[in-house]
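Me: Please go through the packing of this predicted model with me. I will ask for the reasoning behind each term.

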Amino acid sequence: MNRVEAVRAYADKILSALPPEKRQAAVLHTYGIAECCALIALRRGLDAEIAFVSGLLHDLYAYWVGRYLCHAQSGAEMARPFLRDLYLFSEEEQILILSAVYRHANKELVNGPYDEVLKDADTLQPFLSGSAQAASLPSRLTALLAELRIPHVFLLA
């Protein structure tokens, strides 16, 4: 089993345990974020696999416990033994993934390259899916859309 497949199996196990009315949105968000992470990482010359994995892991804690309070920090702690015990990621790669998960909720701060990939993906995916959530961070989203050369129009209420 390759690295991404191993993490997908872990994510799918958590997502499949959700009630059906929450599962579809969680799956769409999780995989949408992971795909956006890979796209943004490729654009920035970063490792798309590491970015994709951070996207898969980023909200699993919130789905597992059913709340978002401190979900980024707790999510990194939940993912730490999983990644360690897989023996598929180097220590440096684990640090990059866990840092991105840990810092993804604080979009006002600028952190490391993979942290920013996940923050940007977590901003882009709701915009692409038509969620009103994206309008809450117009400066980050505007900068990202310009970087990706995606034309956009904002209709902020």
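Me: Leaving aside neighbours within four places in sequence, what is L60 in contact with?
Reply: L60 is in contact with Y10, A11, I14, L15 and M78, once its neighbours within four places in sequence are left aside. Contact here requires heavy atoms within 4.5 Å.

Me: Which residues have the most contacts inside the largest nonpolar core?
Reply: They are L57, L60 and L124, in a core of 45 residues. Two or more residues come from each of α1, α2, α3 (48-57), α4 (60-65), α5 (71-86), α6 (91-103), α7 (113-128) and α8 (138-147). The most come from α2, which gives nine.

Me: Why is α3 called largely enclosed by the rest of the structure?
Reply: Buried means under 20% relative accessible area. Nine of the 10 residues of α3 are buried, so the helix is largely enclosed. The buried residues are A48, I50, A51, F52, V53, S54, G55, L56 and L57. They pack against α1, α2, α4, α5, α6 and α7.

Me: What makes α1 and α2 roughly antiparallel?
Reply: The axes of α1 (residues 3-16) and α2 (residues 20-43) cross at roughly 155° and come within 10 Å. Angles over 145 degrees count as roughly antiparallel, and α1 and α2 are therefore described that way. The crossing is right-handed.

Me: Which residues make that contact?
Reply: From α1 they are R8, D12, L15 and S16, and from α2 they are R23, A26, V27, T30 and Y31. By class, four are nonpolar, two polar and three charged.

Notes:
Residues numbered from 1 in each chain as written. Predicted model: local features only at pLDDT ≥ 70, side-chain atom pairs only at ≥ 80, totals over all residues. Heavy atoms only, no water. Axes fitted to C-alpha atoms, helices over the stretch in contact; angles between N-to-C directions. Helix = DSSP H or I, 4+ residues; strand = E, 2+ residues; numbered from the N terminus. Parallel < 35°, antiparallel > 145°, perpendicular 65-115°, else oblique. Left-handed = near helix turned anticlockwise from the far one by under 90°. Nonpolar A, V, L, I, M, F, W, Y, C, P; charged D, E, K, R; others polar. Core = buried A, V, L, I, M, F, W, Y, C linked by side-chain atoms within 4.5 Å. Buried < 20%, exposed > 50% of the residue type's maximum accessible area, 1.4 Å probe, protein only.
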